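Keep the sequence and the 3D view at hand as you go.

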Amino acid sequence: MCSLTQLRPLTCAASAPDLIKWVAREGGFVHRAVKIAQLDSSNGLGLHLAEELWAMKLGLKLLQERAKVGSFWWPYITNLPETYTVPIFFPGEDIKNLHYASLLHQVNKRCRFLLDFEREVKRALVSLTPDKHPFGGQEVDASSLGWAMSAVSSRAFRLYGEKDPNGIRIDVPMMLPLIDMCNHSFNPNARIVQEQDTSDSKMKVVAETAIKEDDPLLLCYGCLNNDLFLLDYGFVMHSNPYDCIELKYDGALLDAASTAAGVSSPNFSTPAPWQELILSQLNLAGETPDLKVSLGGQETVEGRLLAALRVILSTNVETMQKYDLSILQSLDAEAPLGVANEIAVFRTLIALCVIALGHFPTKIMDDESLLKQGASGSTELAIQYRIQKKSVIIDVMKNLSRRLKLVSSKETTTAEG
């Protein structure tokens, strides 16, 4: 298991020196201290010292260059992995082993997209003569399209392109040979710098700290949760501070959690008109509400969910009117609607975590036992992923339990006073 650094898998080390020579020959600069090497702690190589449509658009260009004889990009393409560890290539059983509905939905969505797009591509190519075939007569199926899409999603960087009519530079996904071999870390030692004031945009990797010989160059791919890391890059970050779990804001579910927590007469399913109005302001009610809420990540509890619980578990309209929604959405706001209200909120949230944890068919100790038995490949990734999801829930419960203990002590002190 790795900590806050993740390694890019590659399959062909033999052509790595050719890639460096090619980058230099075509005008790129590669510092003499930089080399491509096998990392002892991974199965891949590294540099030592977002949605389907954009990924598929660039992926089609990649497939076209791969099929072209004498392609300018051939030294780069030969260094791309032959296979990827993203979930669209998991066996069906390992997709199920993810045990997380939100991710399962995304995987199925991408698989359906590839199958539908395969049919579209084949219809477009069927009447073309060999000399006009964009892929040199090679068959393009869901598997090859998935390879291309995965190559792009796992390696492309979103950088500034041309300016729009308003003078604002548009983000453009770009594949950057050699640079895209840098591995990920939330504590990077380098960053990409794009020179924007020149006619020809130039990119370079600049060290943020002193880098010792044989240390890997590490970039931050972004403050992403494990859903995106696994979907787009094919790895899971352990102890990811940005990981979270998604829940649906559901009155019946919250009533059940509140009742299980011992809160009397919860009314999440039937809020009062003034409460309904505030839920609409939080976009949790109304004609087109966004009912997706989250636990974990930087907020611990998504602000909209926290504010909703504080409002629904409050009966004092006058107290409500003293605060704006920004305060009610902050976990750092100390019991804005009173200590009793805050205790009821924390207890409900902890019960909600227990319910969410119960949706997983296995426990963490069961998963760890499976890993010790030698699970590998996609099975290992699926198990690691669900362990991290359950760990997020447990961490949220611990955080809320500490806060509950603190606010309960204030209630006791007030009562004694």
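**Exercise 1.** Is phenylalanine 186 buried or exposed?

*Solution.* First, some ground rules: this is a predicted model, where local features need pLDDT of at least 70 and side-chain atom pairs count only at pLDDT 80 or more, while totals for chains, interfaces and linings use all residues. Residues are numbered from 1 along each chain as its sequence is written, and side-chain values use heavy atoms, leaving out hydrogens and water.
Next, the cut-offs: buried is under 20% relative accessible area, exposed is over 50%, and partly exposed lies in between (1.4 Å probe, protein chains only).
Phenylalanine 186 has a relative accessibility of 14%, so it counts as buried.

**Exercise 2.** Classify the ring pair of phenylalanine 186 and tyrosine 242.

*Solution.* Rings of Phe, Tyr and Trp (its six-membered ring) pair if their centres lie within 6.5 Å; planes under 30 degrees apart are stacked, over 60 edge-to-face, and the rest tilted.
The whole structure holds 11 aromatic pairs. In this one, the ring centres of phenylalanine 186 and tyrosine 242 are 5.2 Å apart and the planes meet at 55°, so the pair is tilted.
Tyrosine 242 is partly exposed, at 26% relative accessible area.

**Exercise 3.** How is lysine 390 placed, buried or exposed?

*Solution.* With a relative accessible area of 2%, lysine 390 is buried.
Now look for its partners, taking contact as heavy atoms within 4.5 Å. Neighbours within four places in sequence aside, lysine 390 is in contact with residues including Leu357, Phe360 and Asp367.
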